Structures are given as C-alpha cells and as structure tokens.
Amino acid sequence: MVPYDQETIVALATPPGVGALSVLRISGESLVPFYKQLTKTSPKIRFAAFCKLHHPETGEVLDEVVATYFKSPKSFTGEDMIEISCHGGEVVQNNIIAAILDGGARLAKPGEFSFRAYMNGKMDLLQAEAVASLIASKSTYSTKVGLYHLDGRVSRQLMNIKSQVIDLLAVLENELNFSEEEIDATSLDEIASRIKLLRNEVSAIVNASSFGRQIFSGVRVVLFGKPNSGKSSLFNALLGYDRAIVSSTPGTTRDTVEAWIELEGLPVCLIDTAGMWESGDYLDNLGIAKTKSELDKADLCLLVDEDDPTLIQADHMKIPVILIRSKCDIDQQVSQSNGVVRVSSKTQLGIKDLLTHLSTYCTKVTERSENNSFAVMTTRRQRTLLGDAHGVLSEALKQTSENIGTDIVASTLRQFIVCVQDIVGEIPNENIMETVFSEFCIGK
Ligand SMILES: Nc1nc2c(ncn2[C@@H]2O[C@H](COP(=O)(O)OP(=O)(O)OP(=O)(O)O)[C@@H](O)[C@H]2O)c(=O)[nH]1
Ligand SMILES: [Mg+2]
C-alpha cells in the first residue's frame, strides 16, 4: 500500500438536511474497536446490524441505526469502513458526527474517501473522476458515458495504446543495441507507420472529447439579437414556461437568464441575453458585455430578428449560428430565404422546427462519442493530458521522417507513456489529492 495519512475519517454520505434516513461513512486503518465502542457489539463482516448507537465516551444512546462493517481491503476505500444508516434529522446526524469526532476520528476532506480508494488501488483516476461525473450528471446521456468510464474500459483502452508504445520502444532499443549504425530506413518506415496508427487511435479520442465538455457540462445555446426582437419570448416558448420577463420596452433583458432543457439525452443550457446594440446607458452596456462573454463560451447561437436575419452581420461568430425570423404571426405572407427558421412565440409556429434543429446538433455530439464507443475524456484535466499525449506522438512521427537519431525518437515516445500514466493516475501520489479530489464533494 502507498503511504498516506490513515487517520480515521468520517463524513455524511447523503445530502445535508432532513430526510427519512441519513448515511454516514467512517474509514480508517482498523475499526473493530471503534465499532465495539459505538454499538457495544462485535462486528460481523458485511452484515447490516440493527443496533443502538452510543457515544464512545459517555455511552449515551444517540440513535437506533443500521451499522455495516466492511473489513479491509474489501471496502470502497480499501480500508476498514463502517457505514451507519441513522434517522435523517439534522440534530441526530450532527450528534452522531460529533460523537464520532469525540471518539478520535476527524472530518473527511472533500473527495477523501475516493482518494483513499485510489491510493489503495480500488480504482484509477479515470474511474474516480467518473464517480464524480456520475453524481454531477445532469442528463441521461452523460450518465451513460459516466457509467462506461466507471467500468474502467476507457482506462484499458489507453493502457492498451500505452503497451503498444512500450513494444515500439523495445524494437527501437533492440535495434540500437545490435547495430552500430542508425537503424535502416525500412525499419524506420515500419516504426513510423505504427506510430501513425496509434496516433489515429488517440486522435479519435481527442476529437470525441471536444464533445466531452458538452456531454457533461451541457451544450450552451445563446439567444442573440437586437432589442425587442423577441429573444425572451422565444426563450420562454422553447422552455414551455414563462421564465424571462417579456415587454414591449426595448432593453427589458439586461442580466443573462439561464435555464436547462434536455435534448437527445444531453443537457442543454439556454441563455437569454440583452443582445447587442449601441447604448450610452451604463447598465445597458454591462448587459451587452455579459452577452459578449456568453457568446465566447457558447456552442451555438440563435440569432433572432423580426426582419430578415440574414442581413445581420454574424461573420465574426466562431460558433454555428441558427438564423431565426421572429414574430411571423404578424405577417404570415412574408417570404424568407432558405436556412432561416420562421417562428412565432405567440402562436408556437416553428418552435418544434427549431427544437428539431437543436436536437440535430445534439445528436451529432452524441454520435461522435458513440462512434468512439463512449471513450471521451470527461474532465479538462484528462483532455489537456490527452492533447499533450497526441502532440508527443506527432512529434515522434516528425522525428522519424527527419532522420533524427532513434534515441531521440525513443525519448519522445517515453513522454507519451508518462502522459498516459498521468491520465490514468498509474503512479499514486499525495499531490493528486490537491489537484483532483479536492474538487469532489465531502463524503464522496
Ligand atoms: N406578435 C408577436 N409579438 C411578439 C412575439 N414575440 C415577442 N413579441 C413581442 O415583442 C416584444 C418584445 O419581446 P421580448 O421577448 O421581450 O423581446 P427581447 O428581444 O427579449 O427584448 P429585450 O430583452 O428588450 O432585448 C414584446 O412586446 C412581445 O410581446 C411573437 O412571436 N409575436
Ligand atoms: Mg429580453
């Protein structure tokens, strides 16, 4: 086992507040004596015992609970664990936690249970992050991807690529040992083509991962257009309820308003904005600045105009734009060029059409990840490291074509191995507690 601070820790595993039941977890090196102090009985392994819970020092009865003892290493953290289901009142929970602290435990830091599981080889980093993603998951689809990662399949895929790189290194090193000269051109070609295949495999994950953020954090869709063009009305129509204020006074919306819907299993965040126009008013300008920053973060823009939206300059947009002609109930005869969705928030005309456009976009996102059998990098940490790994393979490929010494190619390939080790967290270390697990919630 890797050394780390093995103090006994405790935390509420269920959300704070009132409920029928609450679950507390205790993890530590050897908890049999503590179990006996708390319950006045001896633990049976993996047995849910109905018992009275006592204060470890005063012996006062705190609650009637179900206590389960898990013996190391067969527990979530790999240490001894006690799981206590108690009554879900806040006072009950707090009294029990206070008593457990009096008994010598300390409060767990955020993510500390998962961190210990990782340190004890119960799961790798990708799996630990999958637990976090699964709990935070906002949609059906991200739940599916999270479960896939929990299973460890993505880690296995990466480890498989890594072991092929190790094979390549063996070839390179072998050649170097046996010939005084540099290795011949045919073996170098062979090596280059093997690197290329591996890079393609990594590319597929990198490309699918650009959608990983959208799958987990949601697709961000910004409503944009002139004042009074009907953005807030359309926002409400898409949501199916009145969320934003609508009025005939231009400049009604100043702050951005967000609301979530689910399309094709993905979380979609609709963002109503102040839009963009010239204004001397200080508050208006704040709203306009917010719109700009929302556009920078968005995946898709709905450009709304009650006249011809094709006349509005949208060339500067770096994201896909859906052009929308609003208020089409006023003049139903008006013709509109191709590619523009005609809507009326008043009569619901075209709203379904627009939702279909949005769904099509979401389907593309999920298809990209499915084509890659759900292997996407789900966190920024993973995406950055895999991007680095991809860069390293490109560099190695370049080196093979430039006739640079094979020892240099080998050393580049070794960097790839380090990147993959970091993604999966193959070499456990305490720093990871700060960088990865501290973002988890307490009790996880
Ligand atoms: N007839 C008709 N009127 C609409 C429609 N959509 C919006 N309006 C009217 O247009 C006016 C402006 O609507 P909003 O939805 O507040 O427009 P907005 O773009 O959010 O306006 P700001 O927040 O001020 O930029 C209101 O008086 C709405 O009732 C529509 O589909 N048909
Ligand atoms: Mg508005």
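Why is strand E9 (residues 266-272) largely enclosed by the rest of the structure?

**Entry 1: basis.** I worked from a predicted model, in which local features need pLDDT of at least 70, side-chain atom pairs count only at pLDDT 80 or more, and totals for chains, interfaces and linings use all residues. I noted that residues are numbered from 1 along each chain as its sequence is written, and that side-chain values use heavy atoms, with hydrogens and water left out.

**Entry 2: strand E9.** I looked up burial (under 20% relative accessible area, 1.4 Å probe, protein chains only). Strand E9 is largely enclosed because seven of its seven residues are buried. Leu-266, Val-268, Leu-270 and Asp-272 point one way, whereas Pro-267, Cys-269 and Ile-271 point the other way. Strands here are DSSP runs of at least two residues, numbered from the N terminus.

**Entry 3: partners of E9.** I then looked up pairing, for which DSSP must find at least two bridges between two strands. E7 (residues 219-225) pairs with E9 in the parallel sense over five bridges, and Val-222 has Ile-271 as its bridge partner. E8 (residues 257-263) pairs with E9 in the antiparallel sense over seven bridges, and Ala-259 has Leu-270 as its bridge partner. E8 and E9 form a hairpin with two residues between them, and Glu-264 in the turn has a positive phi of about 50°.

**Entry 4: Asp-63.** I found Asp-63 in strand E4 (residues 61-70). With which side chain does the side chain of Asp-63 make a polar contact? The partner is the side chain of His-87, at 2.7 Å; a polar contact is a pair of N or O atoms within 3.5 Å, where, within protein, one must be able to donate a hydrogen and the other to accept it, and residues adjacent in sequence count only if both atoms are side-chain atoms.

Conventions:
Chains are lettered from A and ligands numbered from 1 in the order in which they are written. Helices (H or I, at least four residues) and strands (E, at least two) are DSSP runs, numbered from the N terminus. Buried means under 20% relative accessible area, exposed over 50%, partly exposed in between (1.4 Å probe, protein chains only).
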